[in-house]
Amino acid sequence: MTDAKQFEVFMRNYQNMVFSTAMRLLTNQSEAEDVTQEVFLRAYERFGELQGSPTVGGWLKTVATNLSLNHLSRYRSRWTFFSEIFTGDPDADGEPEMEFADESNAGEELEARDRHAVVEQALQKLPTAQRVPLVLYHLEGLRYEEIAGKLGVSLGKVKTDISRGREALRKKLRLTLELENNLTGNA
Amino acid sequence: MNPDYNKQLEAAISRELKALPELTAPAVLANRVMATLEQRARVPWYRRSWQTWPVAMQAASLVVLLALFGGLCLGGWQLSQTGTATLALHRVGEWFSGLSMIGNTFNVLVSAAVLVVKKLGTGVIATCLVAAGIGYAMCVGLGTVYFRLAFAKR
């Protein structure tokens, strides 16, 4: 098999992973495609080293994450100011919350619909300031300190944003926690 | 906030997010990357970045550059040993004398601007500043509206 053919096979094996990383950080299909393309063009330059390496997945994810964050800071930072002017309450950002049935049978409703699609949609609707650290923490496995370093913000802000993001997701997904149930039960 | 609640919430969100399957990349993406790679491969080696040159060419270019640098250093040293260097410096000084004329013109323009400001008085200047401020605020406002409309998540 020629190098090009081998690379094509390699790319088809990893393209979904890279695209998912970019898409969840950028929430924009064409930007995520551009980032994915750039990741694989870089991978081609180091294909000799990457081929057969056990850390290839991690390398691709790291490059995809870094390029996505660069993209966000380069093309969107100028708009952050505007986007945050009217976003006092991150949950009340003018977007209609997803419609669910009564809370009592929300779980069943979610089961009936495509649960993953709903979670994905809820994640993509979070404000960038909450979604990005949340994805980096839960999906990319970075620590708070690493996220703060990558985003160039304070540790406190990262923790606050992640906490708000989780709370917003909980509301959007109508997640019920055991503790809440216990509290309600005791009351 | 209750630390137990936070822990439970973290675990619940982690469970939800980690259960997400990978998104499917568009089918055309792989073809796009391969087409770009083919296009790059057609570019002759000397027009690509130096890191991608053949090793022999990298070595040869390094030797040539080192030789050029050595020649430049030697030439400079030779020049400093003769009176030619002083003459050359004098010539260069003459070329740059034109710059002082530009400086003088700039000074005259600044003086004229100061004179105009003094003549107009503070009222007119304050009005101009307020108008500029309002204009800026309008740009920010319109930019915000544009942003909210263009990037609104649907």
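Please keep in mind that the model is predicted. Besides that helix, two places are worth a look: the side of chain B that touches chain A, and the packing of α8(A) with α9(A).

**Helix α3 of chain B**
- Helix α3 of chain B covers residues 55-81.

**Where chain B meets chain A**
- Here 29 residues of chain B are in contact with 35 residues of chain A.
- On the chain B side, the elements giving two or more residues are α1 (3-18), α2 (28-42) and α6 (122-150).
- Helix α1(B) supplies the largest share of that side, with 11 residues.
- Sorted by class, the side of chain B that touches chain A holds 16 nonpolar, 6 polar and 7 charged residues.

**A helix pair in chain A**
- Helix α8 (residues 144-151) and helix α9 (residues 155-173) of chain A pack at an angle of about 105°, and their axes are 9 Å apart.
- Because an angle from 65 to 115 degrees counts as roughly perpendicular, α8(A) is described as roughly perpendicular to α9(A).
- From α8(A), the contact draws on Tyr144(A), Glu145(A), Ile147(A), Ala148(A) and Leu151(A).
- From α9(A) come Leu155(A), Val158(A) and Lys159(A).
- The class count for the contact of α8(A) with α9(A) is 6 nonpolar, no polar and 2 charged residues.

Key
Residues are numbered from 1 along each chain as its sequence is written. Chains are lettered from A and ligands numbered from 1 in the order in which they are written. This is a predicted model: local features need pLDDT of at least 70, side-chain atom pairs count only at pLDDT 80 or more; totals for chains, interfaces and linings use all residues. Two residues are in contact if their C-beta atoms, placed from the backbone, lie within 7 Å. Helices (H or I, at least four residues) and strands (E, at least two) are DSSP runs, numbered from the N terminus. Ala, Val, Leu, Ile, Met, Phe, Trp, Tyr, Cys and Pro count as nonpolar, Asp, Glu, Lys and Arg as charged, and the others, Gly among them, as polar. Axes are lines fitted to C-alpha atoms, for helices over the stretch in contact, and angles run from 0 to 180 degrees between N-to-C directions. Angles under 35 degrees count as roughly parallel, over 145 as roughly antiparallel, 65 to 115 as roughly perpendicular and the rest as oblique. The expected span of a helix is 1.5 Å times one less than its number of residues.
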